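The following report describes one assembly of chains, beginning with a single chain and moving on to its partner.

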Amino acid sequence: MDAKTENQRGWLYVLPVVVLVACNAVIPLMAVVNYSVQETFGNNVFFFEGVKWFQQVLHSERFHAALLRQLAFTGIILVIEVPLGVAIALAMPRRGPWVSVCLVLMALPLLIPWNVVGAMWNIFALPDIGMLGRLLNGLGLNYNYTQQPFSAWATLIAMDVWHWTSLVVLLAYAGLSSIPDAYYQAAKIDGASSWAVFRYIQLPKMKRVLTIAVLLRFMDSFNIYTEPFVLTGGGPGNSTTLLSIDLVKIALGQFDLGPAAAMSIIYFLIILALSWIFYTVMTRGEGQS
Amino acid sequence: MARITLQELRHSYLAHPQSEQDWALKRLDIEWTDGGAYALLGPSGCGKTTLLNIISGLVRPTEGRVLFDDVDLTNVPTDRRHIAQVFQFPVVYDTMSVYDNLAFPLRNRRVPEAEVRATVLEIAHMLDLQDMLRMRAARLTADGKQKISLGRGLVRADVNAIMFDEPLTVIDPHLKWQLRSKLKELHQRIARTMIYVTHDQTEALTFADKVVVMHDGMVVQIGTPIELFERPRHTFVGHFIGSPGMNVLPCTVEDDKAMLGGQPVAVQNPAKAALDGRRLELGVRPEFVAFAAAGLPVAVVKVSDAGRYRIVETRHGTDRINLLVDPDVAVPGEGAHLRFDPAYTRLYADGWLVE
Amino acid sequence: MRRALPTLYILFLMLPIYWLVTMSFKPTTEILGSFTLWPQAFTLENYAKIFTDPTWYNGYVNSLIYVVINTVISVVVALPAAYAFSRYRFLGDKHLFFWLLTNRMAPAAVFALPFFELYSAVGLFDTHIAVALAHCLFNIPLAVWILEGFMSSVPKQLDETAYLDGYSFWRFFLRIFVPTIAAGIGVAAFFCFMFSWVELLLAKTLTSVAAKPIAATMTRTASSSGYELGLLAAAGTLTFIPGAVVIYFVRNYIAKGFALGRV
């Protein structure tokens, strides 16, 4: 890749992108930073408050609880979606008419507006008139996601698995289709077991796309707002109030701009830091080759 | 170690082959003796790789049987045939070291680690890989990777045959020669059956004791490099092997004599009148054509210098005839005549040598 | 046996969809009154309402307008940028690329309020273009990323040959290069369309009446009049259609899309 030429004209071509993204990212971010260090009593009168809001947020039990719930949620869905997605991709046919059918059906959840996903699961899981709710209660389970935190969490996770596992499948499948047949033939000749084929051929070749999949799922699950908001509204109580939901509650519900802005910044920094750690860990050792 | 026999083999990639063209392989009977060095030579798409994959068991033939020492293995999977194969593009296990790559086939077969170590070191030494054993296989160059693929075949004591599927395609030209002589040396040392698929006649002729020439799903000739050169059984062999290839000239037969341009031409094989109705051709290599005082009248079209000899292109009517002449022989201008060496001039009917 | 897992998974995917679709064909009394696995009193009333009430069908039109505008803007500005990233080295290129990607991580919730203020200040509040521009925040980085991957797989010799043949940069770019990476453009457009179509938080924050997306119309229905479930289901079912159409067209590319994008 060192065939790239030194050419400052590159800046000319990236300029429109930089301008558009900067307007959308830098200006609002400056506004957020601005709010985060000020106090207001209405009427557009602001006072400089330094790091007060940051200290308040960092010491707030409410923030800790939301962050903990967020980490638990992201952790659980990653642990389920990534192995499940890989397993499904491995079991899919490599060629033939069914490939297209499978891919189209699997991609469908990805293209449904997020609040429709929430609404659909809301209806689907309703204990009295929903198919899932009826089924679970019919099996003798006591299931009601509007009242029991555990049911709410289970529904939330089932919904996210339903919504996003396909992304992992599509990426893993793309990684698998890039493996030449000769590798499988060589493995057969070498007497490799199917586990060895997975461990030494498929997994290394999928590593790059899996890195992308894990990063995307991590970032998006950390940012999730609409689906849980529509499904449970953060309830029952605060049991499914994830970071974004809490943030919007504070910012738009209570109009506490300062703390909300401080929380936004902390939130953003956490995502950046964790993404960076993920990225570094997953690509470790690739640099030399 | 085994003798490999292919009986009445046919293969089609279609579920229901209709016409003759649907068959990738059209009826083959070949016997590969144990310990031979074979080359499978033919242009792209002639069925070489299909044939190779049938022997290794990666492809199951539509019809026919594959025998190893008279035992029918047609339906036996690859890993129980004890075959090793080196592919066109190097296949190495990227995440493993060179050592682990070489040890992989043995470990899969649960060979004790001490034995693995001894064998790997021995093979690594044979392939000049001993200094790189600790390196990640992904970091080797293409020829190093091909050596690893070959080494994975060599470490196994039970290998019946080693197959090469155009293994030098991605190797730099100056390393090709090295690797090729390495192969030849290895063959003499370990005396295993080796089957080498290629479309490059130099590779085939230098590597193999016996060359199997394929064309359009058929084996057209099996023979030593000398036989292929001196006695092609098919016009395809004549013009595919040799540079320039054999002259193939449409002719007729009258009174048991081959006639070219109204003149009788002496041929090595019998020219029977019974051949009427078939497409008849004369085949003679440029090496066996010479200028003469009398004979076939031709016009000289072009002379090109190829170093130790010159290639002269001549025309008789619409037929082009090439011949090789020494640098010190003068090329006549007007009124040139050619003479064909009767020992190496043969009659072909519908492409096949008349016998 | 091997096929069991994908089959079960697809079944799992289809169940909630099936439930929503059947519900859209049921009258409210059946939805609330009895539990039925398929519509007993089949009705098209819910769909009829959506197609006759402008507050409903305008929602679709609004959504499609800003999604299409966003997709066009994202891909058009991303093309030259991705070209620069794949072909040139320039001051700060790596940092710039990384900075672009970090915007893909920005939580929409963080930006909702400042966006509202920004677009109100410049007088774009409640316009299609506002939503389209806001969605550029995450779609442009994505488009640059995907296109850069596709472009890097095109050998540089193509460019050099064209310049030797006397093509100017833009003529080469538009007449030769863009057609060469048509597949990549399709994939990038697909992902832009997808992420703009499914996003709601920003779209809802930046609109009130004139450019209100269909998804926002639905949230109002869901919360304010909980009994109109059939209508909600019908509206939801209709939101599948643009996605399904788009998937169908790119079905052969989606599997390859991200594989060619580089981290």
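Chain C is built from 13 helices and 1 strand, where helices (H or I, at least four residues) and strands (E, at least two) are DSSP runs numbered from the N terminus. This is a predicted model, in which local features need pLDDT of at least 70 and side-chain atom pairs count only at pLDDT 80 or more, while totals for chains, interfaces and linings use all residues. Residues are numbered from 1 along each chain as its sequence is written, and chains are lettered from A and ligands numbered from 1 in the order in which they are written.

| Item | Value |
|---|---|
| Principal axes of chain C | about 75 × 60 × 30 Å |
| Residues in chain C | 263 residues |
| Buried share of chain C | 51% |

A residue counts as buried if 20 or more other C-beta atoms, placed from the backbone, lie within 10 Å of its own.

Chain B and chain C, by comparison, are joined by no contact, and their closest C-alpha atoms lie 18 Å apart.

Strand β1 (residues 5–6) of chain A pairs in the parallel sense with strand β1 (residues 88–89) of chain C over 2 bridges, pairing requiring at least two bridges found by DSSP, and Glu6(A) stands opposite Arg89(C).

Note on methods. Contact = placed C-beta atoms within 7 Å. Buried ≥ 20, exposed ≤ 12 C-beta atoms within 10 Å, placed from the backbone.
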